[in-house]
Amino acid sequence: MSSNAAATLEPSVETRKAILELRNVSISYFVRAGELKVVPNISLTLYEGEALGLVGESGCGKSTVAFAIMKYLGGAGRITGGQILFEGRDMTKMSDEELRKLRGGRMAMVYQDPMSSLNPVIPVGKQLMEVPLIHSNVSEDEAYKRALQMLQEVNLPDPARIMTRYPHQLSGGQQQRVVIAMALMSEPSLLVMDEPTTGLDVTVEAAVLDLVAQLRQKHHSSIVFISHNLGTVVRICDRIGVMYAGELVEEGPIGEVFRDPRHPYTRGLLNCIPTLNADKRSRPLSAIPGQVPPILNRPPGCIFAPRCSDADGPRCTAAAIPTATYGGTGQHRVKCVRVAELPKHVRPTSTAVDTVANEFTTQPPILDLDHVKKTYHQAIGMFGGSGYDVHAVDDITLAARKSETLAIVGESGCGKSTLAKVLTGIELASGGKVTLAGKDIGNTAVEKRDSDTKRSIQMVFQNPESTLNPSHTIGYVMERAIKKLKQISGKEARVQVNDLLKTVNLPLEFAARKSRQLSGGQKQRVAIARALAGEPEMILADEPVSALDVSVQAAIINLLVEIQRKRGSTLLFISHDLSVVRYLADHVAVMYLGKVMEFGSVTDVFAPPYHPYTEALMSAVPIADPDVKQRRIILEGNIPSPQNRPKGCPFATRCPRKIGAICDDTPPPEQVSPAGHRIACHIPMAELATATQVVF
Amino acid sequence: MLAFLSKRIALLAFTMLVVSALVFAAFEFTPGQVARKVLGPFATQNQVDILNEKMGLNRPVIVRYSEWLGNTLTGDLGFSTLYKTEVNSIIWDRLGNTLLLAGTAFAVIVPLSIILGIAAGMREGSILDRSISVGSIVTTSVPEFASGVFLASIFVIWLGWLPGTSSLDTGAGWSLWQQLILPVTVMVLYDLGYVVRMVRASMVEVMTRPYIRTAVLKGLSFRAVIMKHALRNAMIAPFTVILLQINYLITGVVVVEAVFAYPGFGRMLLEAALSQDVAVVEAAALFAVLVSVSTQIAGDLGYMMLNPRIRFS
Amino acid sequence: MANDGVLALTWNRVRLLKESPVGMIGAFLVLFWLFVAIFAPWIAPFDPNANNMDALIDPTPSAVNWLGTDNSGRDILSRIIWGSRTVFAVAPLAVLCAYAIGCMMGLMAGYYRGWVDDLVNRISDIVLSFPAIVLYIIVIMRFGASANNIILAVIFISSPQITRIVRGMTLELREREYVAAAKMRGESALYIMLVEILPNARGPLIVDACLRLGYTTIAIGVLGFLGLGLPPPDPDWGGMVKETYAMMSIYPHMSLFPAAAISSLVVGLSLLADGMREISIRD
């Protein structure tokens with residue numbers, strides 16, 4: 001099954017009934033600094049049975065619109081103008097009592113972060129039952145029955161038991177299913193979903209998206225689907241609206257917008273998303289220059305003009321831009337003066353890549369992991385003498401050569417970050433050997449490493465908000481890093497700060513700033529500069545772009561590629577994002593529950609033979625292109641908890657290609673191809689090689 | 001749960017042992033002191049030595065400590081030099097009186113602080129919130145002896161509605177409850193503000209949680225959101241704080257009983273301290289610590305009961 | 001380019017205070033008393049310990065003795081003015097020492113964890129299991145009533161509380177990525193604790209220090225009131241109330257004025273702390 005977007009049959013525009021209509025709605029937040037016009041003026045219509053995706057980067061106002069539709073903006077937010085018509089009635093004029101009857105009844109919401117959206121001290125069953133008790137005036141028994149039935153519908157195993165559970169006793173995917181069940185309890189005509197799969201693992205995300213698509217058919221609710229991920233929108237929605245800085249800049253049917261994006265921002269977004277079928281050799285990612293202007297300082301005319309490569313002088317900057325209709329269907333609307341004159345957007349397509357740049361493969365590896373293990377002892381209870389061992393990293397053998405990018409990819413809990421901690425010396429290996437440039441470092445804590453080892457391996461961290469000390473200036477951070485890593489005086493180090501800032505393309509005056517004055521991308525640049533201070537041979541990057549918006553993400557990825565090319569350093573790139581890995585890596589290791597399931601060059605890993613887990617991962621990744629076809633493989637169940645790890649193959653409990661008891665009982669052999677492609681599976685490599693491409 | 005409880009009780013025993021050693025060390029470590037205190041500054045060194053011998057004070061510290069501890073554990077709390085009687089024969093009456101005072105104060109503080117804290121915290125920044133917050137800051141900042149002075153000026157001297165001393169003797173025409181009003185009010189004023197702020201802070205925090213939004217967008221009324229979804233979560237964090245107030249109340253009773261000449265445990269401790277009555281102070285100190293440590297255990301248990309995340313971990 | 005000093009950071013916070021009316025009132029009260037304490041010799045109309053026997057006939061407030069005289073014929077205004085010196089001499093010093101100890105213990109417990117943490121926790125538990133007054137009584141009984149011993153007692157009681165706060169924050173801050181980065185470039189544990197962790201804990205600590213100054217002021221007053229404070233005849237607000245409390249029913253002003261003095265200072269400190277807290281949330 002491919003994306004359902006193109007396949008959905010839509011009745012003609014005139015006969016469709018509008019469920020929700022936003023007419024010139026403006027939304028502001030009132031803060032100390034004054035009125036923040038987060039969404040100055042937005043109009044959109046949602047028809048019966050339709051799913052509209054609203055996409056945009058953080059701060060573009062998409063969630064604000066979602067909550068405005070529910071008329072829930074918190075203390076500081078207010079709808080300052082326009083009308084929100086829900087089933088023909090203006091919500092902005094409704095009393096609290098009227099709103100109360102709508103919410104959870106005719107309209108319901110699914111939230112980002114299901115864990116915190118459920119009350120931690122009430123069993124989920126009770127929380128579900130509240131909905132019919134409020135809106136349908138039924139008995140407790142009836143409410144219980146309905147809740148149970150709804151849990152069954154969202155494919156939760158053993159619903160009666162789930163009813164009695166507290167939210168923290170469920171996995172993330174189960175929690176989100178409960179939230180979805182809660183939203184559907186009263187058969188709402190409108191479902192608002194705010195980033196419902198953000199934060200879930202990719203296989204879990206795929207299952208939740210499938211569920212939403214399936215329930216859509218059954219319940220005929222109209223959906224407003226908010227996401228920063230264009231790929232998820234393609235999977236769920238019929239229409240898409242692209243938001244930028246509070247404005248809806250482009251809107252239309254999925255197919256039309258993706259095949260012929262007319263707004264330069266939409267084009268920019270599509271150009272900076274790595275897709276599963278392209279890598280750094282076939283096409284570069286092009287980042288959108290600059291950043292979103294602050295709300296209090298928005299330019300006149302087109303808000304995107306300062307960052308737009310197609311901007312045409314005063315035409316774009318003089319007056320407010322009207323929304324124009326484009327194309328024959330009358331459904332494609334674009335807020336750009338040049339909508340008709342821009343050439344057709346060409347999405348760079350992938351060309352087959354013959355070989356990996358493997359000119360270095362003959363060199364001895366700079367980093368060598370030999371049967372590395374890391375085991376934690378997990379105590380039970382609050383004090384617990386007894387407990388069990390968690391094999392976070394279990395017998396990993398990998399190598400990385402000079403100038404190469406080795407990517408480690410896997411879902412949460414696969415041990416990839418633990419591995420990074422062992423390499424940095426913040427944790428010690430429990431077994432095996434870690435060799436860096438000939439030195440054994442696996443059993444040397446970071447405090448005990450000699451200064452050259454410290455210099456030669458440095459790290460870029462995941463979270464831009466915690467990577468820089470908020471009390472220090474950027475200049476101090478860099479100076480200190482240079483001083484300690486190069487073992488030179490503070491005075492000499494100060495001179496080199498500017499060079500470092502230039503390397504990561506930051507203006508020199510940033511040296512005097514503190515991290516709170518920087519954007520997320522700028523913070524990551526500083527973090528990269530800090531890691532480069534001692535000119536390390538090896539850079540570890542643990543999810544360095546996963547917290548960034550796509551346009552910023554592209555710029556950081558390009559920076560990493562550029563630095564690596566210039567300096568010839570080795571990059572160990574840890575990520576959960578297969579598209580980014582596909583783009584950036586030379587070699588890839590796929591991890592699951594502490595084990596390497598598959599390892600090989602990027603072309604080998606992303607083509608048959610696949611490990612069944614890799615195959616499932618690839619089929620789960622949402623791709624922001626309705627014309628790319630993907631084989632769908634649904635993974636059942638959850639990632640096993642660390643204490644009851646399967647005895648045989650760790651993936652056996654969820655594997656769609658499991659061949660029998662052998663998978664449960666015997667650890668799989670590692671099969672190696674002549675090219676060095678390794679797959680740990682009981683299915684013979686020749687048989688695995690008969691699989692077709694997942695993405696085509 | 002049972003394992004947890006036994007761990008806590010073992011810890012309590014350990015704490016009490018160390019505390020008793022500290023108390024012993026503070027008062028009885030140096031042998032000369034006790035005898036010197038008994039005999040006064042004008043006794044000769046010879047007399048002091050003889051008394052030391054007689055009281056067994058020149059034996060090794062560890063022997064004296066074990067004996068002292070043994071006596072304490074078997075209920076022999078020693079002889080009060082101030083009240084000229086066994087500590088046992090005065091301490092229990094005093095404790096009863098104090099329990100009446102502190103218990104009444106606690107019974108007022110808990111419900112009142114929860115109501116005020118919830119009322120303030122459910123709408124952060126509202127007029128009600130600001131008034132309650134600033135009000136509670138002010139009342140906790142006025143020392144008990146000062147608020148005692150203020151209240152006595154108004155209700156005793158100016159209006160004449162209440163007695164200035166609370167000897168619990170009803171002979172002077174004031175009923176027991178009239179005598180309790182001022183001391184209880186002073187304790188409540190001082191302590192209430194702190195608990196109110198804790199409950200408020202917790203409530204404010206809970207109200208920003210996404211699950212409250214879920215509850216509102218489910219169509220629940222504001223009242224139902226507060227009662228069914230916010231309240232229980234908001235009580236988890238302050239629960240231990242509320243029980244810890246018992247610890248503060250012990251300090252409070254010493255001051256309040258001094259202000260109103262209330263014949264309780266606190267005044268006994270103070271009088272004993274001022275006249276260097278070691279036996280009484282030791283007994284009172286150990287008892288006070290026992291109460292405070294036991295409340296901590298009760299607090300932990302209650303916290304576990306309220307919070308399913310810990311209960312089922 | 002160098003790291004900002006803690007003083008500069010604190011000053012930034014103080015400048016922001018103008019946006020909190022409550023905090024401004026607090027700051028005004030505190031600064032008022034600070035001014036009074038510093039300039040006591042020039043402001044006070046009389047010697048605080050001089051007995052004016054004539055005033056005993058009518059000790060109530062008059063044109064000469066604005067706030068009246070006490071039971072020994074001493075000028076109450078002058079005694080209140082000089083009494084502020086006692087508070088400002090003892091409380092800040094005690095709190096500062098308690099902070100020095102508390103921060104170091106808390107940082108070590110939170111940063112090293114393991115047995116250091118266990119040890120620090122056990123010690124804190126034991127000290128904190130004493131109700132404050134019991135500890136004060138034991139210290140004063142054992143070592144005698146003097147300014148030094150009161151400071152000692154405050155340090156003893158306050159530092160474990162500060163330890164707990166700092167430990168909690170250290171446990172959280174040590175997981176920040178900038179701490180890992182500092183370790184990876186080979187910074188010493190002391191550098192990480194003092195330069196990477198402590199400055200980021202300053203917000204809540206400044207607020208707590210302010211509140212703690214208030215508590216300490218109350219403690220000094222209470223000890224004075226109970227007769228465990230500074231030995232007479234030096235003026236001390238709590239002691240002034242104690243000495244005159246017996247005469248409340250005839251001359252309430254003798255007790256009322258010193259009680260109002262201590263209350264206004266502590267209210268000022270608490271409001272100031274609240275203002276600071278409000279600002280730190282906004283940051």
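This is a predicted model: local features need pLDDT of at least 70, side-chain atom pairs count only at pLDDT 80 or more; totals for chains, interfaces and linings use all residues.
**Entry 1: chain A against chain B**

I began with the area buried between chain A and chain B, which comes to about 2,500 Å², with carbon and sulfur atoms giving 64% of it.

Next I looked up who touches whom: 27 residues of chain A are in contact with 24 residues of chain B. How many salt bridges are there between chain A and chain B? I found a count of one. Its partners are Lys218(B) and Glu130(A), whose side chains meet at 2.6 Å, N to O. I could see why this pair qualifies: the rule asks for a Lys or Arg side-chain nitrogen within 4 Å of a carboxyl oxygen of Asp or Glu. I also looked for polar contacts across this interface, and the rule finds twelve residue pairs, both residues at pLDDT 80 or more.

Then I asked which helices of chain A each supply at least two residues to the side that touches chain B. They are helix H3 (114-117) and helix H4 (124-135). H4(A) gives the most, with five residues. I sorted the side of chain A that touches chain B by class and wrote down 16 nonpolar, eight polar and three charged residues.

**Entry 2: chain C against chain B**

I turned to the other interface with chain B. Here 40 residues of chain C are in contact with 50 residues of chain B. The two chains bury about 3,800 Å² between them, 77% of it on carbon and sulfur atoms. How many salt bridges does the rule find across this interface? I came back with zero. Polar contacts are present, though: I have six residue pairs, both residues at pLDDT 80 or more.

Five helices of chain C each supply at least two residues to the side that touches chain B: H5 (114-128), H6 (132-143), H10 (202-226), H11 (237-245) and H12 (253-282). The largest share, eleven residues, comes from H12(C). By class, the side of chain C that touches chain B divides into 29 nonpolar, eight polar and three charged residues.

**Entry 3: chain C by itself**

I stayed with chain C and counted its elements: twelve helices and zero strands. I also noted how far the C-alpha trace of chain C spans along its principal axes, about 75 × 45 × 25 Å.

Where does Leu67(C) sit? I found it in the loop between helix H3 (40-43) and helix H4 (76-112) of chain C. Setting aside neighbours within four places in sequence, Leu67(C) is in contact with several residues, including Ile76(C), Ile80(C), His253(C) and Phe257(C). I also compared Leu67(C) with Pro258(C): they are 191 residues apart along the chain, and their C-alpha atoms are separated by 10.0 Å.

**Entry 4: the sheet in chain A**

I zoomed in on one pair: S10 (residues 247-253) and S12 (residues 332-334) of chain A are antiparallel, paired over two bridges. Within S12(A), Val334(A) is the bridge partner of Glu250(A).

I kept one reminder in mind: most residues other than glycine have a negative phi, and most peptide bonds are trans. His220(A) is not a glycine, yet has a positive phi of about 55°. I located His220(A) in the loop between helix H8 (202-219) and strand S8 (222-227) of chain A.

Which two residues does a cis peptide bond join? I wrote down Pro608(A) and Pro609(A), with omega at about 0°. Pro609(A) lies in the loop between helix H21 (602-605) and helix H22 (612-620) of chain A.

Conventions. Residues are numbered from 1 along each chain as its sequence is written. Chains are lettered from A and ligands numbered from 1 in the order in which they are written. Side-chain values use heavy atoms; hydrogens and water are left out. Contact means heavy atoms within 4.5 Å. Buried area is the accessible area (1.4 Å probe) that two parts lose on being put together, summed over both. A polar contact is a pair of N or O atoms within 3.5 Å; within protein, one must be able to donate a hydrogen and the other to accept it, and residues adjacent in sequence count only if both atoms are side-chain atoms. Helices (H or I, at least four residues) and strands (E, at least two) are DSSP runs, numbered from the N terminus. Ala, Val, Leu, Ile, Met, Phe, Trp, Tyr, Cys and Pro count as nonpolar, Asp, Glu, Lys and Arg as charged, and the others, Gly among them, as polar. Two strands pair if DSSP finds at least two bridges between them.
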